[in-house]
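Trainee: I would like to learn how to read a structure feature by feature, taking the general idea before the particular case. Could we work through one together?

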Amino acid sequence: METVLKILENTYLALYVIVFLVAIIRFPLYKNTPLKYLPIIFFFTIATEYGGYFTKYDYLVINQVIFNIYYLIHFLFFFYVFMEIIDDKRFKKYIKIGIGIFLIIFLSDLIFTNIYENSFARTYIAGAGILVLCIILYYINILQSSLVLVIKNDLLFWVSVGLFLFYIGYIPIKIIKTWFYKPDNFFELLILIQSSLVTIMYLFFLTGFLWMKKRS
């Protein structure tokens, strides 16, 4: 299993870079949409993941701070994207409430959890859950519009599918890893599933960039 994990880890680390480069090449096609900041998020993801990968053994404090800050930026960006794309006022209100809840939980972690030593697990789980809700609202919004006819060429659709599949699968894994950790074969299986989910997510991202057509 260790060999498979290593292969998957190297695969998704490579995909981070590939998707980032493709995002830059295809930037003119989505530069006028809320996703225009996506290359920055991808770059921050690369910096976070590679930084975490190379510091996890020697600089645990730096590693933890990097990821805790990343959670805030990552989730707020995608909340913003879905807020901008969805035109249903009720759905926008739900997302605003979700953002408020997320920020309250983040501030709570910031006050009561040591940012240098502990993961902001509650912030992550709340952000992931609210993002899943945003994606569901986005799908409902699509079904109520003409966009459903050209959905395969829409970048956000592919990005949302990747995010949805990842977080639906990873939320329970994150809970188990955080509060029920045991160094056994089951835990190794969870890590294997996690790596697979990351790989699948980025393959959907890549598909979106390759299939997309320009939208204003």
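This is a predicted model: local features need pLDDT of at least 70, side-chain atom pairs count only at pLDDT 80 or more; totals for chains, interfaces and linings use all residues.

Trainee: Where is the place of Leu 110, and how many residues does helix 4 have?

Mentor: Leu 110 belongs to helix 4, which covers residues 89-112. Helix 4 has 24 residues and spans 35 Å from its first C-alpha to its last, which is close to the 34 Å expected at 1.5 Å a residue.

Trainee: Which are the buried residues of helix 4?

Mentor: The general idea is that an α-helix has 3.6 residues a turn, so residues three or four places apart point the same way. In helix 4 the buried residues are Phe 91, Ile 95, Gly 98, Ile 99, Phe 102, Phe 106, Ser 108 and Asp 109, so you can look for that spacing in the list yourself.

Trainee: What caps the N-terminal end of helix 4?

Mentor: The cap is Asp 88, from which a side-chain oxygen lies 2.9 Å from the backbone nitrogen of Arg 90. The side chains of Asp 88 and Arg 90 also meet in a salt bridge, at 3.5 Å from N to O. Asp 88 counts as buried because its relative accessibility is 15%, whereas Arg 90, at 48%, counts as partly exposed.

Trainee: How many salt bridges does a search of the whole structure find?

Mentor: The search finds two. One of them is the pair of Asp 88 and Arg 90, and another is formed by the side chains of Arg 122 and Asp 109, at 3.0 Å from N to O. Because Arg 122 lies in helix 5 and Asp 109 in helix 4, this pair ties together parts that are 13 residues apart in sequence. Asp 109 is buried, with a relative accessible area of 2%, while Arg 122 counts as partly exposed at 39% relative accessibility.

Trainee: How many residues does the largest nonpolar core have, and which have the most contacts inside it?

Mentor: The largest nonpolar core has 63 residues, and those with the most contacts inside it are Leu 131 and Phe 209. At least two residues of this core come from each of helix 1 (2-25), helix 2 (38-55), helix 3 (60-85), helix 4, helix 5 (121-143), helix 6 (155-179) and helix 7 (185-211). Helix 5 supplies the largest share, with eleven residues.

Trainee: With what does the side chain of Gln 194 make a polar contact?

Mentor: Its partner is the side chain of Lys 177, at 2.9 Å. Gln 194 is placed in helix 7 and counts as buried because its relative accessibility is 18%.

Trainee: What does the side chain of Asn 153 reach?

Mentor: The side chain of Asn 153 comes to 3.1 Å from the backbone oxygen of Trp 211. Asn 153 is found in the loop between helix 5 and helix 6, and with a relative accessible area of 16% it is buried.

Trainee: How far apart in space and in sequence are Tyr 37 and Val 81?

Mentor: Tyr 37 and Val 81 are 44 residues apart in sequence and 9.5 Å apart in space, C-alpha to C-alpha. Tyr 37 lies in the loop between helix 1 and helix 2 and counts as partly exposed, at 38% relative accessibility. For another pair, Asp 87 and Leu 21 are 66 residues apart in sequence, with 31 Å between their C-alpha atoms. Asp 87 is in the loop between helix 3 and helix 4, and at 55% relative accessibility Asp 87 counts as exposed.

How values were computed
Residues are numbered from 1 along each chain as its sequence is written. Side-chain values use heavy atoms; hydrogens and water are left out. Helices (H or I, at least four residues) and strands (E, at least two) are DSSP runs, numbered from the N terminus. The expected span of a helix is 1.5 Å times one less than its number of residues. Buried means under 20% relative accessible area, exposed over 50%, partly exposed in between (1.4 Å probe, protein chains only). A polar contact is a pair of N or O atoms within 3.5 Å; within protein, one must be able to donate a hydrogen and the other to accept it, and residues adjacent in sequence count only if both atoms are side-chain atoms. A nonpolar core is a set of buried Ala, Val, Leu, Ile, Met, Phe, Trp, Tyr and Cys residues joined through side-chain atoms within 4.5 Å. A salt bridge is a side-chain nitrogen of Lys or Arg within 4 Å of a carboxyl oxygen of Asp or Glu.
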